[in-house]
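Subject: Handing over a structure, with notes

Dear colleague,

I am passing on to you the structure that I have been going through, and I would be glad if you could look at it before you read my notes. The sequence and the model come first.

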Amino acid sequence: MEENSNAEAGEGRARTKENDCQIHTNPTQGGKQGVSQGLAGVRQAARERKGERFTALLHHLTPELLRSSFYALKREAAVGVDGVRWREYETGLEERVAELHSRVQRGAYRAQPSRRIYIPKADGRQRPVGIAALEDKIVQRAVVTILNEIYESDFLGFSYGFRPGRRQHQALDALTVGITRKRVNWVLDMDIRGFFDNMSHEWTIKFVEHRVGDDRVLRLIKKWLKAGVSEEGKWEESKIGTPQGAVISPLLANIYLHYALDLWVEAWRRKVARGDMIVVRYADDVVLGFELKEDADRFLREIRERLAKFSLELHPEKTRLIEFGRNAAQNRERRGEGKPETFDFLGFTHMCGKNGKTGYFVVKRKTVKKRMRAKLQALKEELRQRMHDPIVETGKWLQTVLRGYYQYYAVPGNTASLGVFRDRLLGQWRHALSRRSQKRLPTWNRVGRIFERWLPHPRILHPFPQARFDAMHPR
């Protein structure tokens, strides 16, 4: 099949590899999954022999791995169609794990449908999320642990999403460093329309088969893909896509995009691009930078054709090619076109700017406005629910919320946005306090000391992107 050969471009068809080492070390019990000596052997073999398929993997799914996978789950997570909560399952855990392990190994394990819920998006729409049954979460996490040992040696450096030891801020650092250190004049902000909902099951299995030849592991993945979803008690078959929220989905998404996109982009950058080109991908969010407009235009035409082969398409309204970089402001001013356009990536609006001291080009970042509005709206609703709670209790909760917000958004240059967020949160709490009685709105003098005690002022918590990038990638 022609599409299959295209999918394998750059790596070739994998050869069969028998891996049957079963020496294990004890995993931890507190949520950190230890890597067995057997899995370390898988990792080494995957790193040394890129073209081989692993035909014996399921024996690595041991009771110890299932137990550590259980403890790695969130204790208070939403329940699936089974209605089983984490604390309930922990009672008699050893017997439950032994019985689950037996079912998986003898092929009697059955995947249950995901329970579909909806969570609000920053733009006001609803995002469908699939909540798997607890035992499905356990087995999926164990399989992810095993497969990560293979795919972490395959995935490319510009892929950051949902990978061990990689975080959003590393992707943000790489993007800023790429734009400032390479000759980037154009940025392609690429949005794959409904990616998780449109992943082809057939292509997903074909891509996994490049490296996995264990039929029992492949059957498990097929079961999860075909399990369907349950919404208000009605079951719906899944013919395409993988539920957002399922433990296995991020890894399957990375595998899918590794073959459908990443390998092709890397080859295009080496063989086709005439000027500098950068790429950063976090899950299905992709940003590319180009030196030459003709490279960007050609890439945009050809990537549409490439994705179409794998049942994917770019969102026509959210995919944007903009002039962005050290020369953008000057070029646009000369043409009378105003300030350079901006783009959003991982919660930050990226803008062209200048260093106040040196005058050199810098990438400025601030919190995406709709993200801030959505967060404040959610906090407003929660404050309404907590209106009659003790002030100390609400203060402790808001302190935790604000510190968590700072932990993500407190990057250099974003202090003003953080201050706006805190000020608006102060106003919301003050309004909630006023509704506790029929009295007038409390004055700032009366509540000021309360706010100062519980709501910390913003301060920058992250280093400059170049400093952290250079520390993590010394040359």
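What follows is a description that goes from the whole chain to single residues.

Please keep in mind that this is a predicted model, in which local features need pLDDT of at least 70 and side-chain atom pairs count only at pLDDT 80 or more, while totals for chains, interfaces and linings use all residues. Residues are numbered from 1 along each chain as its sequence is written, and side-chain values use heavy atoms, with hydrogens and water left out.

The whole chain

The protein chain contains 18 helices and 13 strands, where helices (H or I, at least four residues) and strands (E, at least two) are DSSP runs numbered from the N terminus. Its radius of gyration is 25 Å, close to the 23 Å that the globule rule gives for 475 residues, so the chain is as compact as a globular protein of that length; the radius is taken over C-alpha atoms, and the rule is 2.2 Å times the number of residues to the power 0.38. Along the principal axes, the C-alpha atoms fill a box of roughly 70 × 60 × 45 Å.

Of the 475 residues, 50% are buried, a word that here means under 20% relative accessible area, with exposed meaning over 50% and partly exposed lying in between (1.4 Å probe, protein chains only). Taking contact to mean heavy atoms within 4.5 Å, 72% of the contacts between residues at least 6 apart in sequence join residues at least 24 apart.

Aromatic pairs

The structure holds 23 aromatic pairs, for which rings of Phe, Tyr and Trp (its six-membered ring) must have their centres within 6.5 Å, with planes under 30 degrees apart counted as stacked, over 60 as edge-to-face and the rest as tilted. In one of these, the ring centres of F207 and F310 lie 5.6 Å apart with their planes at 55°, so the pair is tilted. This pair links distant parts of the chain, since F207 belongs to helix 9 (residues 201-209) and F310 to the loop between helix 12 (293-308) and strand 10 (320-323), 103 residues apart. F207 is buried at 0% relative accessibility, and F310 is buried with a relative accessible area of 0%.

The rings of W429 and F451 also form a tilted pair, with centres 5.1 Å apart and planes at 40°; W429 is in helix 16 (residues 415-434) and F451 in helix 17 (residues 444-454), 22 residues apart. W429 is buried at 1% relative accessibility, and F451 is buried at 2%. Returning to F207 and F310, they belong to one aromatic cluster together with F195, F196, W203, Y256 and Y259.

Single residues

N254 is found in helix 11 (residues 249-271) and is buried, with a relative accessible area of 1%. Leaving aside neighbours within four places in sequence, N254 is in contact with residues including F155, F162, R163 and R281.

Most residues other than glycine have a negative phi. F162, however, has a positive phi near 55°; it lies in the loop between helix 6 (134-151) and helix 7 (168-181) and is partly exposed at 48%. S311 likewise has a positive phi, of about 65°, and is placed in the loop between helix 12 and strand 10, where it is partly exposed at 42% relative accessibility.
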